[in-house]
Amino acid sequence: AKKNFTRSAIEFHKVLENYSTGAKVPSALYKLGLSLIELKSNNQAEKYLNELMEKYPNTQEAKLAEEKLKKIKK
């Protein structure tokens, strides 16, 4: 909300490191991907969004990630 995407990316990465099996992982992967897109790090964003779709294919976040990837690849 405050547009501090660098800080957001760091915090979402911490969630992934500290709670790798937690229920918030799909959301953290998605939000990390979004933050990286805003930081113009599309290759890194694609990595995390693809990981989300592979590991958590039946989540709402995976569906959103698929849509977002289509947009950034255009």
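Ser35 counts as buried because its relative accessibility is 5% (buried means under 20% relative accessible area, exposed over 50% and partly exposed in between, with a 1.4 Å probe and protein chains only). The model is a predicted one, in which local features need pLDDT of at least 70, side-chain atom pairs count only at pLDDT 80 or more, and totals for chains, interfaces and linings use all residues. Residues are numbered from 1 along each chain as its sequence is written, and side-chain values use heavy atoms, with hydrogens and water left out. Ser35 lies in helix 2 (helices are DSSP runs of H or I with at least four residues, strands are runs of E with at least two, and both are numbered from the N terminus). Residues up to four places away in sequence not counted, Ser35 touches Phe5, Ser8, Ala9 and Phe12, contact meaning heavy atoms within 4.5 Å.

Helix 1 (residues 5-18) packs with helix 2 (residues 25-38) at an angle of about 155°, the axes being 9 Å apart. Axes are lines fitted to C-alpha atoms, for helices over the stretch in contact, and angles run from 0 to 180 degrees between N-to-C directions. Helix 1 and helix 2 are therefore roughly antiparallel (angles over 145 degrees; under 35 is roughly parallel, 65 to 115 roughly perpendicular and the rest oblique). Their crossing is left-handed, that is, the near helix is turned anticlockwise from the far one by less than a right angle, clockwise being right-handed. From helix 1, Phe5, Ser8, Ala9, Phe12, His13, Val15 and Leu16 meet Val25, Ala28, Leu29, Lys31, Leu32, Ser35 and Glu38 of helix 2. The residues of this contact comprise nine nonpolar, three polar and two charged (Ala, Val, Leu, Ile, Met, Phe, Trp, Tyr, Cys and Pro count as nonpolar, Asp, Glu, Lys and Arg as charged, and the others, Gly among them, as polar).

Helix 2 and helix 3 cross at roughly 160°, and their axes come within 8 Å. This pair is therefore also roughly antiparallel, and the crossing is left-handed. Helix 2 contributes Pro26, Leu29, Tyr30, Leu32, Gly33, Leu36 and Ile37 to the contact, and helix 3 contributes Asn42, Gln44, Ala45, Tyr48, Leu49, Glu51 and Leu52. Ten nonpolar, three polar and one charged residues make up the contact of helix 2 with helix 3.

In helix 3, the buried residues are Ala45, Glu46, Tyr48, Leu49 and Leu52. These buried residues pack against helix 1, helix 2 and helix 4 (60-72).
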